[in-house]
Amino acid sequence: AEVRSNGTYATGEDEAAIAGALCAVRAEGRSVGELGDALSGHSRLAWMAVDTAAWDALARRIGVPLYRAWNPAAVRADSVRTHAPIGFSDVDTAVHLARTYVAAGFDRLKIRVGAPDPSADVARVCAIRQAVAPDVEFILDANGGWTYDTAAAGIEALAGMGVAWIEQPVMAESDLRALCMPYLGGATLAQVLDAVRDLPPARRT
């Protein structure tokens, strides 16, 4: 679903390009890592699909859930907090979805932003905020759709809206100033990266 819905606009790779990469690269006689190296030069999404399938196959082969394949010492949780998604839509549709999800028990909403006109993003988020309880948490995902300037303006406009974080406000390679952009929590992206770098390796994923 991620490949079908996000692939083309996020990476420029449609389903045909991904299938073409998978057909073009010989898998026989290669380890998963070697296959990934070969695929990465053709299609990042094709490599993602192979990596996901390899982990699934490993878990099935050794007879454990996927999370135990990643970490044999992991303890199963009775529940995992998740979110309900609100994609690009008009304000009325977004508000209706938000109310429906909250009524179903969700206390976190992931709202797609990154429209050509950032004021439309702000209007949708504000309308949703007014429609649901103040303790419902928001996550925003721009998928790199904002420029540095529109991201900075959007972040400032959305302060106080209960936004926990904004995912991919700008493309990683588009503007290095984003590393010093103050985010809603007060930390800059550079500070966040430093915190991740200092984590033990097993906790970086």
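## Sheet and nonpolar core

Ile 111 stands opposite Leu 140 in E3. The model is predicted: local features need pLDDT of at least 70 and side-chain atom pairs count only at pLDDT 80 or more, while totals for chains, interfaces and linings use all residues. Residues are numbered from 1 along each chain as its sequence is written, and side-chain values use heavy atoms, with hydrogens and water left out.

E2 and E3 pair in the parallel sense over five bridges; pairing requires at least two DSSP bridges between two strands. The order E1-E2-E3-E4 describes an open sheet of four strands with parallel pairing. E1 and E4 are the edge strands, each pairing on one side only. Strands (E, at least two residues) and helices (H or I, at least four) are DSSP runs, numbered from the N terminus.

| Helix | Lies across | Angle |
|---|---|---|
| H6 | E1 and E2 | about 175° to E1 |
| H7 | E1, E2 and E3 | about 160° to E2 |

Angles run from 0 to 180 degrees between N-to-C directions, with axes fitted to C-alpha atoms, for helices over the stretch in contact. Contact means heavy atoms within 4.5 Å.

The largest nonpolar core has 26 residues, and those with the most contacts inside it include Ile 111, Val 125 and Leu 140. H7 supplies the largest share of this core, five residues. Such a core is a set of buried Ala, Val, Leu, Ile, Met, Phe, Trp, Tyr and Cys residues joined through side-chain atoms within 4.5 Å; buried means under 20% relative accessible area (1.4 Å probe, protein chains only).

Note on methods: Buried means under 20% relative accessible area, exposed over 50%, partly exposed in between (1.4 Å probe, protein chains only).
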